[in-house]
Structures are given as C-alpha cells and as structure tokens.
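I opened this model to look up a few points. My notes are below the display.

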Amino acid sequence: MSELTELTISEAARLLRLHSISAGELVTAHVKRIEDIDPLVRAYLRFTPELWEKQADEADQKLSRGEGGPLTGIPVAVKDVLCVKGVETTAGSRILRGFKPPYTGTAVGRLFEAGAVMLGVTNCDEFAMGSSTENSGYFPTHNPWDLDRVPGGSSGGSAAAVAAGEAMISLGTDTGGSIRQPAAVCGVVGMKPTYGRVSRYGLIAFASSLDQIGPFARSVEDASLVLEAMAGYDPLDATSAERPNDVRRDFDKGVKGMRLGVPYEYTQVEGMERGVADAVDVAIKTLEKAGAEIVEVNLPHTDYGLAAYYIIAPAECSSNLARFDGVKYGMSVQDVDNITEMYMRTRREGFGTEVRRRIMLGTYALSSGYYDAYYLKAQKVRTLIKRDFDDAFSKCDAIVSATSPVVAFPLGSRTENPLSMYLCDVLTLGGNLAGLPGISVPCGMSQGLPVGLQVLAPQWREDVALRVARAYEAASGVRAEVPSPRSPQGRG
Amino acid sequence: MSWNVVIGMEIHVQPRTRTKMFCGCAVGQLGDPPNSNVCEICLGMPGVLPVINKAAVEACLKTALALKCEIPIHTKFDRKNYMYPDLPKGYQISQYDLPMSVNGFLEVGGRKVRIRRVHLEEDTGKLIHAGDKLNKAWESFVDLNRAGVPLMEIVSEPDIRGADEARDYAQELRTLLRTIGASEAEMEKGQLRCEPNISIRRYDSDDLGVKTELKNINSFRALHRAIEFEIKRQIQVVESGGTVVQETRGWSESEQRTFSQRSKEFAEDYRYFPEPDLPPLQLDRAWIEDLRRELPELPGSRRARLVAQYGLPVADAALIAADRDLADLFEAAAKTSGDNKRTANWVIGEVAPSGRLPSPIHLAEIVTLVGTGKITRDQGREVLAESMRDGASPAEIVATRGLSQVSDPAAVRATVEAVLADNPKAVSDYRAGRVRVIDFLAAQIIKRAPQVDRALANELLKELLR
C-alpha cells in the first residue's frame, strides 16, 4: 500500500481514527519507502528506529482509546540542527560527530507531545549555511525530481524527504530562505514563521536574529497544523513571543477582497529564469481570478538586502560557532602541543570551507575599526528593509513573488562560485531580515522541475500567508506530487 | 620627588540570587563537587538560549540606586567574544555600551568617589591545571560550577588617592551592598572581587601615568598591601629611569608582592556586539521607583544620624552603622534603655563579636540592670550570653540563678573587714607606703564575694586602710 506515503496529514488522520491503518503501519510504509529510495535521494543522515517504534506504539494506544489529535501517529523527519535527546545531532558538520544532546528542543518536543513519530535526522548544509545541501559535512542530497540536481538548501534533506514520500512532514530551519527555497525546488510546501513565533530552544544556532524553525509538508493545511503545534511562547527562549496561537484563523476563507502586492524589484532580480517568472505570473493570475486584487508595490532596498544579510548572518555565526572548540563535545584533535593548536586544528579539520569562510567574514565585520562600517551599517540597512515592507504592507495584505529565481540546478554547478549560490536567497532573505512569516507553495513546473510561489505577510500574520497559499492551492489544483526517481545513468 | 597616586576600582560582586544569570542552576557554594551545578545552558551546549534572571537585575538596580546612579531607559546585553576553555560559549554575555546604570558616586570618608557604571554579566568557569600554566600543563580540568553565576561589575572613576582610601572604598561598598541586601559580599567566598587600576604621576602634573591592573586579591588587607606594594614598585621603576608597562599584575599572598601576568600593550579585540538571543530591555520605571522607595536607610546617612540623634562618637556610629542588624538592634535597645552610650558599648563590645543577635528588649534590660548596679558587668555578660542562647529574659535569668549584686553597706563592710583580717602583711605593706597592694586586696574581695558592688567595696577598702 505504497499510497500511504503519499497521504496528507488530514487524510492519514482520518484513516488512523477509523482504525483503517495503524500508526505502526504508517511508519512501516515509510520505512519501506526509505529503504527503496533513500539510497538514491540520500535525504537522511540517520534513522531513529527506537524512537519510531516507541512513538508509534504510544500513538496506537492513544488512537485505540479514541484520543489523540491531528498529528498523532504522523511520521516526521527532523533536520540535523534540531536537538533531540539521545539522538546524534551534528548540524551537518563533522565537528559535532557523535554529539548526542542531553535534551530535546522545544519545537520538536511539542511535536512529540502532539503524537508525531520521528523517523530520522535529515541532511543539510553544514550549520545551515548553503542553498544546495552540498555543504553537508557528509554527502549531498539529491532532488527527487532529478537526481542529478540539488534539493536546495540548507534544509535540503527535509524538503527531499517530504517530496519523495520518505516522510509525511518534516522540520527545517530558515535563516535566509533555507525552508522556502528547498520547498520550492522540491515541489513541496515550506513555511518560515514570524521571528519569535516558534521557540528556537534546541536549534543549533547559525544566525540567532534570523533563524526560525518551520515545517515542510505536502499541503498548506498540513504545514499549518505542524506550525500550530509548534507555535507559542517558550520561557526558555527570550525572543519567543507571548501571542495568541491564531495561525489557522480564517484558513479557508479564500482571497476574495484581499489585496496582494507584487514587488516590482522582485521581478527584476539577477538570474530570474524565464520559466520561473512565467509560472509565477500564471499563479498570480489564478489568485486574481479567485477574487484577489493585484497591486504593484516597491521594496526599494532589495538590492542591499543580500549584502546586509551576508554581514549580519556571518557576524552572528562567527560568535555562535565559537563554542565548537574541542573542549566539551564533538570532535577534538588531541595530538597537539598546546590549547591554541588544539583550537586551530579542531576547527580547521572539523569545519568545512563555507563555514570557515563565513566565520572569517563575520569575525572581520565585527573587528574593532570595521564594526561601524560593516555590522552597524548592515543593521541600518536591515531597518530600511523593514521599513520597505511596512510601506508595502500599507498598500496590500500580503506579498506574492517567486520563491527562488531558479529551478533546481545541477549538482556541482554553483559550488565553485559562492556568490552565485548566495543569489538563490535573494527573494527570501528579506523576509528574514524583516522577521516576516513566509510560505512557499508549489505553482507548476519549468523545465520539468517544480516552481514555488512565495507569500509573505506582515509580522504575526501567518494566518494571512496561510490563507493566501491555501486559496492558491485550492484555486489552481496544483498539489505537491510525489515523483518516482529512477536511478540515473552511471549511478547504482 | 613627590608622587600622586591615581586609583580606579573595578569591583565584581555576586548579587544575592538563588539561581544563575541565564539558567535555572543553583549558584552553589565554594567546595561543591566540580560540575555539580550545571545544565545544558551554562555548559554552552549547542542549541541552548539564555534567559535573564530577574532577581539579578533587581539586585543590580538596587545597587545602582544606592550608588545614586542614573538608570537609562534602554539597556541591553552584549557578547564579549574570546576563546578560553573556562568560557563554554566562546563569549561572555556582558554589557558594553548601554549598561544598566551610569554616573553615580559613593562617599568615602567625606570624599566622593564617582561611579562610572554598574552593569550585569556572567562569571566564567574555573581551570585546574596539572602542571604550570594552561599552555604548559600536561592535563587541565574544567569546572563550570561558576560559569553563568551572575556578577555586577561596579566601575569607579580614577578618583581614589591611595591604598587606605581604596580599602575604605571597598569596605564602604561592601557595607552598602549588605545593607541593601544586594549581596552577601563575602570577599573570602569570592562574592566580592577587587581589581584596582593604579598609576602614579608627579604631584605637579596632570598627566595620567601608565596604569597597571591588579588581580588575585582575596581580602581587604591584601587589597591594601597589594596597592601599597604596587605604588612603591611603580615609583621605584620611574625613579630609576624606567617606564611602567601597561599590564595585568597578580598579587601573590605568599610572597607579598605583585608579578606580571599579561601585557596589555596590544589590546585584545573582543568584537562586542548586541546579544541577539536577548531582546533589549526597557526597564519598567514604576518598578525602579518601587525599588528606590524600598531602599533602607543607607550606611552613610545612618552613621550621621546615630551621631546627631543619639550623641554617639563618630567611631562608634561607624561601627554600628556598618551592619544593618546591629544598627537596628542598637536603635531599638537604646530607645528602651534610654542610655545611648552604654547601649552602644554593649552592642560594640559584646553583641558584635558574638555573631548573634539578642532581642532589643533583653539587651536594654541588661544595660539597665548593669547601669543601676543590680548586677555586675561580668554577670551582665553571662546573662547576655544565656539570653542570646535560650531567648530567656534577663530578669528571669537573674532571678533563677540568684544573681544580684551585693550593695548593702553593712554586708560589703563585713566582707572588706574579713579580707583585711586575713591579709595582715598586705595591710602593713600598704600602710608602709606600698600603695599598689590595694589592687591585690581588691582582687581578694572579688574572689571572696563575686557579687559584691565593686565601687562600694573599693570605697570602703580605702576608708578602712586609712
């Protein structure tokens, strides 16, 4: 019954409640799918059979008593940056090999409490730095739609797992687009909540002021259910907000009477593919037909966003990654003469090229004499970008655009040129700088590969983003499909 | 040549809190087993986040208010980045350009020492080396019990003029902190750590000299000695044609000297930036006003009031005002006994060294019993001790133990006569001019009758010897 791996949450939940299937069977179907296909896709770094057996068992007990909620028994994959007690968690890095956190982070903990069943840990770019998952310290993940192409990144493993039917839902993190961009190029739904909506406790930090945890799913509704389960104030995260959990308010009300803004600058970005632009235009027309009013808006500081982002994110990462020093956990080079040599060799051998590049960039940007010219100026740009969005949202309820200017690109095609990789995030990182909620929903194909439509909403208006995305999904009939990747030539 | 001394003090104080600065771990005590008061947060595990301890903020604000500091509307925490094995995150959460408070002062012996800032930060862990220094040790151990313990850093302007004043400043600060309940401020327990910055300059010059910073100071006495040593050393260096090097110097208690620890010629770049895990604080002004209103009378003004209101000598007032409990006891007991000077003597001479506190009514009773001659001073001490031990009233103790002074003139005269009869040689010596024998005879009287009214006995002794 391979279709079990193509269900949405609400479909699966219905079958579970009717006892047509058990949580155990649902897990077994996914494990079978993983066995068949993951050797090709390589979405997972590790599997957690002890957890899935125990959690599926608990879910079935609850279901047999008529208890449980929408996530009870739902198989989930977790990005390698989210700490789960006793499960090796390495942020895709060799430097954390063997590290088993003594605690479970808040977001994952809330999903477990809601009855989700963890299948395993998914691959990602090292410390979530990258847009292709090629910076993983272990191996690259392949796009299920074309195994010669990347799944996007940094949460490429989580996106690919859901796209390939290797998990019903998964968790990622989004610092500059790391959920939305892989969701777009893998043809699934991916959502980054408002900064502060989901607790970051347990998320191995890349850039603290930008990071957010969010879901991947095969429908907008599924994404909303996972988000709802994770959202809310956490006393362990001082940046999480005490606000009503209203993310699913008016979910199915449609877009009639809503005003949707199309930022002119987002249509003009460098490297925008024709096929992507066309697919997004069609999607916007679909929304218009569904009753939305389409208006042009401006985000005049878009050009400076990338530069500001690549100062702020590396600056924070240079500090966040200082704790990986070989003293307390993870890798530690021991055949050294002194502590300085231990630091240097552990970090040189433990971190990959991109991580070292960003640590150096950030260290430089924070250095005395350069702080004002780089870090402080970048923060000012960030304020201007926030203001751009405030102005735009005074003219519209939500912003719609392409998620990624390009479809999935071939493995290895951008690794030599970091800037070309950074450009993948040009349409998403504004949302991080401004702390906005954003969602990517599949909107057709270009060159036989998925294209994503991004919906950005004002802070704390996940309900608006979800409502627009849901309205598009309903009006277009475009649904996240599970492709059937075949072994390409030359690989076994 | 004559030299002026310029000293600024950085004092780290552990505020009185149950838990650490950014996590729920107990602050623990000296001597706890290594790494017993730790959790994933203060261990700097991947994925953890800090949460501000409100009790630490409150202690810092109370301290700032007591030091007459301004409390800005906006304050924030920053990261101070440097790598060291006792610093689990690779950065210390501290406050850089927007500290919790600025521009206060503390009066020390009538002079104002200006306070530049009081801010909050977290302590680091501790390294134990098998071998010499970190870079030469063959094995090093990390104890993170102290990591994340809250610290207030109180920074003075360079207004202090010598070792005496530096010690007085630190002691005055300690008294203040204890009075307002912001800290136990026990130097021996590491709850108050002094780091003086010292420089010298020619008495006729306004140019500041090169400063050295002293560390490893574990007592007020060590503070005084270390500064004295350092002043002498700097003068010697300059007078012999050398120059003082900007550096951190440690105080060696065993050798009673300072030694060079770290050169500060090349300032380390800490790459401070705002802590993104903690939103900037906008402190509730009403809360601050509540704290200001709730501050007890501060030691300086209480000292002045004890002199003015109770007529105490300045030295006595200072001793009593230094301890809020003693001062409260004194005021309550003096009001009951009506004898300020004697009450002060009992508080300073008997209560303070005992480390215990009697009830003010009991103390007043004892002051009165001794003052009116009902019991002797020695008996008063015993009664006080027993009263502090059992909480019994002095009147009861005197009654049950049959203590009371013998002041009936006939009875006292009989005792004196009996002593004189027993010591004919002493009597004849006295009469022959060896007048100091009278002390021996007085002692014999007390030996025979401990409860005798001594003043009366001495009077009669002189009379009968004539």
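**Conventions.** I number residues from 1 along each chain as its sequence is written, with chains lettered from A and ligands numbered from 1 in the order in which they are written. The model is predicted, so I note that local features need pLDDT of at least 70, side-chain atom pairs count only at pLDDT 80 or more, and totals for chains, interfaces and linings use all residues.

**Confidence.** I checked the scores: ipTM is 0.96 and pTM is 0.90. Chain B has an average pLDDT of 92 (the predictor's confidence in each residue, from 0 to 100). In chain B, 97% of the residues score at least 70.

**Domains.** I looked up the assignment for chain B: domain 1 is 3-202 + 268-287, domain 2 is 297-400 and domain 3 is 409-465. Such bounds come from an automatic or database domain assignment. The C-alpha centres of domain 2 and domain 3 of chain B are 33 Å apart.

**Ile284(A).** I found Ile284(A) in helix H9 (residues 274-289) of chain A. Helices here are DSSP runs (H or I, at least four residues), numbered from the N terminus. Beyond neighbours within four places in sequence, Ile284(A) is in contact with Val262(A), Ile294(A) and Val400(A) (contact: C-beta atoms, placed from the backbone, within 7 Å). From Arg274(A), Ile284(A) is 10 residues away in sequence and 15 Å away in space, C-alpha to C-alpha.

**Chain contact.** I read 35 residues from chain A and 27 residues from chain B. On the chain A side, H10(A) gives the most, with 3 residues.

Definitions and conventions
Helices (H or I, at least four residues) and strands (E, at least two) are DSSP runs, numbered from the N terminus. Two residues are in contact if their C-beta atoms, placed from the backbone, lie within 7 Å.
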